[in-house]
Amino acid sequence: MTSNSSLAEALAAGTVVLDGGMSNQLESAGHDLSDELWSARLLAERPEAITEAHLAYFEAGADVAITSSYQATFEGFAKRGISHERAAELLTTSVELAREAAAQAEAKGVTRPLWVAASVGPYGAMLADGSEYRGRYGLSVDELERFHRPRMEVLAAAGPDVLALETVPDADEAEALVRAVRGLHTPAWLSYSIDGRHTRAGQPLEEAFALAADADEVIAVGVNCCAPEDVDAAVEIAARVTGKPVVVYPNSGEAWDAEARAWNGRSSFAPGQVRAWRESGARLIGGCCRVGPRAITSIAGTLAEA
């Protein structure tokens, strides 16, 4: 069931389980995502597939579904000849599909509270050239704010429980996102993609997290789409610098080859790691790329243990 309590209230009370990677769940169901729009393409072509992916994670134990709007932007859709009006409809649809999955989960017997997080990916996700893992786009904070604000307005109007400002590689872009979320009357979490104790663009995490410390709209800060071994230090820094609940959802540990558009290496993600993350301040915990429903079930089970 959808929850009458806010996600912020749930985080104050305990730990909330996020879902896993949308793309790998769709690919495992046989959908081809070798496209610049990635999973956002299915918003128009196969929306029922997105609902099914969300449902799989709810049934696996996730409390929060992150929408398929990560790579959905007005500019990206325009490259495919999709009008501004239709793009806004698709952004709204991304939230509606997650809500529908929550309703289906309830019909199947899931009784715990469920929430929807509207994904807002970085500028580099629209470029689809791997720059989302580098940052430093050559744009000012003002320019990045102007890029993000219009789709954030549409997503917020669709009524998600929270905006997921995620996979942010650069503190400058984080500053733009924190500005853009003001006045939307929708809480947000801010999560960086990192390399060790720095953002992907090279800024120290202490400085990066500090940007959100005094932003009332930001109810959690943390990291995602990163190596599992980088999480421990990041959780401690995020909690110490901001005093906010920490959000954590790393990749499996495999490495993304942007040129080949393929994953290489082996998984190093062990669901048992979440105990240490929770002890350090993590309250929103799940997985990102290559982390599927089975791992989410393990995470949920581990967090449910005393």
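**Reading strands, a helix and cysteines**

Tutor: Ala-65 stands opposite Val-116 of strand S3. This is a predicted model. Let's start with its sheet.

Student: How do I read strand pairing, and how many bridges join S2 to S3?

Tutor: Strands of a sheet pair through backbone hydrogen bonds, in parallel or antiparallel fashion. Here S2 and S3 run parallel, joined by three bridges. They belong to an open sheet of eight strands, in the order S1-S12-S9-S8-S5-S4-S3-S2, with parallel pairing. S1 (16-17) and S2 are the edge strands; each has a single partner, so one side of each lacks a neighbour in the sheet.

Student: Is H4 mostly covered or mostly uncovered?

Tutor: An α-helix has 3.6 residues a turn, so residues three or four places apart point the same way. H4 is mostly covered, with ten of its 14 residues buried. Among them are Ile-50, His-54, Tyr-57 and Phe-58. The buried residues pack against elements including helix H2 (22-28), helix H6 (84-107) and strand S3 (115-120).

Student: How many disulfides does the structure hold?

Tutor: A disulfide is a covalent bond between two cysteine sulfur atoms. The structure holds zero. For Cys-226, the nearest cysteine sulfur is that of Cys-225, 7.7 Å away. Cys-226 is buried, at 1% relative accessible area.

Terms used:
Residues are numbered from 1 along each chain as its sequence is written. This is a predicted model: local features need pLDDT of at least 70, side-chain atom pairs count only at pLDDT 80 or more; totals for chains, interfaces and linings use all residues. Side-chain values use heavy atoms; hydrogens and water are left out. Buried means under 20% relative accessible area, exposed over 50%, partly exposed in between (1.4 Å probe, protein chains only). Helices (H or I, at least four residues) and strands (E, at least two) are DSSP runs, numbered from the N terminus. Contact means heavy atoms within 4.5 Å. Two strands pair if DSSP finds at least two bridges between them. A disulfide is a pair of cysteine sulfur atoms within 2.5 Å.
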